[in-house]
Amino acid sequence: MSGTRTPRFSETSDVKIGWARFTWNPVTGCRAGCPWCYARDLANSPRLRPYYPTGFEPTLWEDALPSPLRRRPPRTQKGPGDRAVFVSSMGDLLGVGVPDEWVSRVLDVMGAATWWRFLVLTKQPHRLASFSWPWNVWLGTSLTGDAATPDPRGRAQALGSTDATVRFVSFEPLQAPIPEDVLDLGRIGWVIVGGRSAAGGYPAATANPEALDALLDGCDRRGLPVFEKQHARPGDAPRRREWPEPELVGVLV
Ligand code: SF4
């Protein structure tokens with residue numbers, strides 16, 4: 001779709017995402033149908049609906065494509081997230097209905113915009129191996145421990161089969177225990193974990209406490225950095241805000 005003036009490359013707040021200061025949405029919308037999808041709620045909200053004329057149907061935004069080439073990271077940077085761009089925060093770049101050709105075009109832009117670190121998070125990790133990802137792209141998948149992400153080992157293996165600079169898993173919202181070996185199968189280098197915001201008629205909720213403890217133990221046994229988001233623990237108690245090795249965070253020119 002073209003002709004829109006909607007900015008699809010935006011600065012976000014620490015509270016909303018935390019691990020990425022910017023979002024870029026060359027694709028919005030998604031058909032996965034996760035029950036508590038905050039993005040679907042936002043796109044359908046009266047306030048934002050005018051910016052999403054196709055609702056939450058997968059939509060390709062031609063005019064958004066060059067945005068990362070026109071923007072530069074802020075001169076003053078407070079943390080590792082300041083150069084990070086969450087790709088398709090309002091959908092799934094690799095979701096059903098997004099053609100390979102479009103993904104390849106997005107990938108070309110990411111490869112050219114070397115001053116950004118792009119984070120692609122998908123619930124369709126089996127598509128990841130079809131592409132050659134530039135060095136400044138980190139690849140992640142979501143695992144929730146419930147029916148929204150069945151076959152966690154298969155999903156982890158799909159992620160682990162890629163040669164991304166960093167592979168990560170977002171356990172968000174962490175609903176139930178996850179088999180610990182997904183960390184090995186996915187060759188995971190970074191873990192994000194959180195509960196859920198209120199969305200889709202569901203109230204906000206913390207991560208499942210037993211699942212969170214087990215996951216953190218598994219990460220500690222492997223020396224994996226963990227980034228806890230809001231709602232990870234009751235009362236938003238002190239969070240771990242760890243990143244992969246500095247040489248990976250800083251591999252930018
Ligand atoms: S995969 Fe992500 S964008 Fe798609 S419905 Fe689920 S939570 Fe929403």
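The following legends describe close-up views of a predicted model.

Local features are reported at pLDDT of at least 70 and side-chain atom pairs only at pLDDT 80 or more, while totals for chains, interfaces and linings use all residues. Residues are numbered from 1 along each chain as its sequence is written.

**View 1. Residues around the ligand.** The shell consists of Cys-30, Ala-32, Gly-33, Cys-34, Cys-37, Ala-39, Arg-40, Gly-91, Asp-92 and Lys-123; a residue is near a molecule if its C-beta atom, placed from the backbone, lies within 6 Å of it. By class, the shell residues divide into five nonpolar, two polar and three charged. Ala, Val, Leu, Ile, Met, Phe, Trp, Tyr, Cys and Pro count as nonpolar, Asp, Glu, Lys and Arg as charged, and the others, Gly among them, as polar.

View 2. Helices (H or I, at least four residues) and strands (E, at least two) are DSSP runs, numbered from the N terminus. In strand 7 (137-142), six of six residues are buried; a residue is buried if 20 or more other C-beta atoms lie within 10 Å of its own, exposed if 12 or fewer, and partly exposed in between, with C-beta atoms placed from the backbone. Val-137, Leu-139 and Thr-141 point one way from the strand, and Trp-138, Gly-140 and Ser-142 point the other way. In a regular strand the side chains alternate between the two faces of the sheet. Strand 6 and strand 7 run parallel and are joined by five bridges, two strands being paired if DSSP finds at least two bridges between them. Phe-118 has Val-137 as its bridge partner in strand 7. Strand 7 also runs parallel to strand 8, through four bridges, and Gly-140 stands opposite Phe-168 of strand 8.

**View 3. Strand 9 and the surroundings of Val-191.** Trp-190 and Ile-192 point one way from strand 9, whereas Val-191 and Val-193 point the other way, and all are buried. Strand 8 and strand 9 are parallel and joined by four bridges, with Val-191 as the bridge partner of Val-169. Three bridges pair strand 9 with strand 10 (residues 226-228), again in the parallel sense, and here Val-191 has Val-226 as its bridge partner. The C-alpha atoms of Val-191 and Val-226 are 4.8 Å apart in space, although the two residues are 35 apart in sequence. Val-191 counts as buried because 24 other C-beta atoms lie within 10 Å. Leaving aside neighbours within four places in sequence, Val-191 is in contact with Phe-168, Val-169, Phe-171, Cys-219, Leu-224 and Val-226; contact requires C-beta atoms, placed from the backbone, within 7 Å.

View 4. Val-103, Val-106, Val-109 and Met-110 are the buried residues of helix 3. Seen down the axis, these buried residues fall within an arc of 120 degrees, so they line one face of the helix; the arc is that of the directions from the helix axis to the C-beta atoms. They pack against helix 2 (67-70), strand 6 (117-122) and strand 7. The face turned away from the buried side carries the exposed residues Asp-100, Glu-101, Ser-104 and Asp-108.

View 5. The 14 residues of helix 6 (residues 209-222) should span 20 Å, and the end C-alpha atoms are 20 Å apart, which agrees. Leu-212, Leu-215 and Cys-219 are buried. The buried residues of helix 6 lie within an arc of 70 degrees seen down its axis, and so line one face of the helix. What covers them includes strand 8, strand 9 and strand 10. Exposed residues on the face turned away are Pro-209, Glu-210, Asp-213, Asp-217, Asp-220 and Arg-221. Just after helix 6, Gly-223 takes a positive phi of about 70 degrees.

View 6. Most residues other than glycine have a negative phi, and most peptide bonds are trans. A cis peptide bond, with omega about -5 degrees, joins Glu-172 and Pro-173; Pro-173 lies in the loop between strand 8 (167-171) and helix 5 (182-185). Asp-151 has a positive phi, near 55 degrees, and is located in the loop between strand 7 and helix 4 (152-160). Asp-151 counts as exposed because it has 11 C-beta neighbours inside 10 Å. Arg-187 likewise has a positive phi, near 45 degrees, in the loop between helix 5 and strand 9 (190-193). With 16 C-beta neighbours inside 10 Å, Arg-187 counts as partly exposed.

Conventions: Two residues are in contact if their C-beta atoms, placed from the backbone, lie within 7 Å. The expected span of a helix is 1.5 Å times one less than its number of residues.
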